[in-house]
Amino acid sequence: MKRVVVGLSGGVDSSVAAYLLQKQGYEVIGLFMKNWHDDSVTISNECPWLEDSNDALLVAEKLGIPFQTVDLSEEYQEKIVDYMFSEYEKGRTPNPDVLCNREIKFDVFMKIALSLGADYVATGHYCKKSEIEVNGETVYQLIAGADNNKDQSYFLCQLSQEQLAKSLFPIGELTKPEVREIAAEMELVTAEKKDSQGLCFIGKVRLPEFLQQKLQPKEGTIIQIDKNDSIYNFNEQEELSLEEKLIIASNKIHYTPEMGKIVGKHQGAHYFTIGQRKGLNVGGTTDPLFIIATNVETNTIYTGLSSQHPGLFRKGLFIEKEEVHWIRNDLALANGESMEVMARIRYRQPLQKAVLHQFENGMYVSFEDPQSAITEGQFAAWYIGDELVGSGVIS
């Protein structure tokens with residue numbers, strides 16, 4: 001009998017995952033990860049992890065499976081929280097959920113599970129896994145979940161073949177309403193529980209306040225750039241090489257304060273991200289202001305009116321060589337090769353037509369349509385059909 005350790009988070013998805021595995025005849029063990037115990041920055045006075053671990057325990061009792069809590073808060077602090085602070089300090093916007101899966105759930109947590117004699121680790125992610133043979137070797141595929149509204153394959157875009165080999169995603173074939181229905185039938189305490197928001201496993205955290213613990217506020221100016229500024233008049237030059245054209249399409253514009261007018265003050269460029277609209281507190285504009293760029297060196301924020309401002313859009317992005325990650329190593333591009341894919345630059349963004357171009361120093365992703373708010377530090381993920389084949393950090 002194969003043994004599976006399920007990461008029981010205290011939510012409905014992992015509860016149903018555990019139940020389904022049990023039904024399939026696995027020996028199931030429930031483990032709750034405690035990743036956080038700094039209550040000074042959680043928004044509500046409810047202590048989310050206590051309530052969640054209690055719900056996880058109740059589900060384990062109901063299913064009659066062994067249950068224990070593991071404290072991974074040290075690893076979480078080091079691999080996720082410290083990383084987030086350092087990224088924000090550099091003016092980048094990290095994605096803690098993707099990192100949490102790569103570094104915590106499918107690494108630290110998986111090692112604990114395997115030390116308990118587990119054959120697999122299972123989570124309540126909405127995605128699927130399948131396998132094919134390539135040149136006589138088994139290759140694992142990460143496939144989008146059946147529920148289009150809930151597909152979470154993006155969050156697993158940094159997993160490796162080794163990690164996928166040991167992973168199970170029992171609810172990937174189901175929709176959220178079906179999952180809730182099963183939980184209700186089984187009278188699981190989590191059946192009606194709302195989906196968790198906020199950082200993976202920390203609970204609800206106010207990001208600016210969270211960041212202010214480490215990153216000191218400092219006042220700077222908010223500059224507004226006119227949408228008709230000459231900086232947006234690109235002329236395609238025919239004699240450029242493909243690589244030069246890709247570089248131009250992927251490069252961010254370097255703004256200087258002289259290009260626009262001062263419209264307000266802020267408390268630190270490192271608290272803000274491209275495409276953000278809330279929290280600027282600049283009144284009296286005809287349309288909402290959107291952040292089109294931040295500069296943490298000069299502590300300046302550049303903004304533009306409306307979600308259609310040309311400063312928000314780019315047709316390409318670049319991923320440095322060491323940040324290019326293929327789940328399907330057999331499909332990896334060699335220098336000078338290109339590939340047509342469907343890609344996304346954030347969770348839940350509809351897939352976009354794109355072409356990957358691999359060069360010596362890294363990869364360019366060139367989109368058919370200009371993309372809004374391409375953000376450094378976030379992950380671009382690319383798919384062939386509904387299979388996620390690779391990803392990388394936007395540089």
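Mentor: The chain exposes about 18,600 Å². Carbon and sulfur atoms supply 47% of that area. Accessible areas come from the Shrake-Rupley method with a 1.4 Å probe, and for residues only the protein chains shown count as cover. This is a predicted model, where local features need pLDDT of at least 70 and side-chain atom pairs count only at pLDDT 80 or more, while totals for chains, interfaces and linings use all residues. Residues are numbered from 1 along each chain as its sequence is written, and side-chain values use heavy atoms, with hydrogens and water left out.

Now go inside. Of the 395 residues, 52% count as buried. Buried means under 20% relative accessible area, exposed means over 50%, and partly exposed lies in between (1.4 Å probe, protein chains only). Next, the fold. The chain has 8 helices and 18 strands. These are DSSP runs, numbered from the N terminus: helices are H or I with at least four residues, strands are E with at least two.

Now the rings. The whole structure holds 8 aromatic pairs. Our close-up is Trp-326 with Trp-382: the ring centres are 5.6 Å apart and the planes meet at 70°, so this pair is edge-to-face. The rule covers rings of Phe, Tyr and Trp (its six-membered ring), which pair if their centres lie within 6.5 Å; planes under 30 degrees apart count as stacked, over 60 as edge-to-face, and the rest as tilted.

Where do the two partners sit in the chain? Trp-326 is in strand β13, residues 324-326. Trp-382 is in strand β17, residues 379-384.

Ring pairs link Tyr-154, Phe-155 and Tyr-347 into a cluster.

Step back for the overall size. A compact globule with 395 residues would have a radius of gyration near 21 Å; the chain has 23 Å, which agrees. That radius is taken over C-alpha atoms, and the globule rule is 2.2 Å times the number of residues to the power 0.38. The C-alpha atoms fill a box of roughly 65 × 55 × 35 Å along the principal axes.
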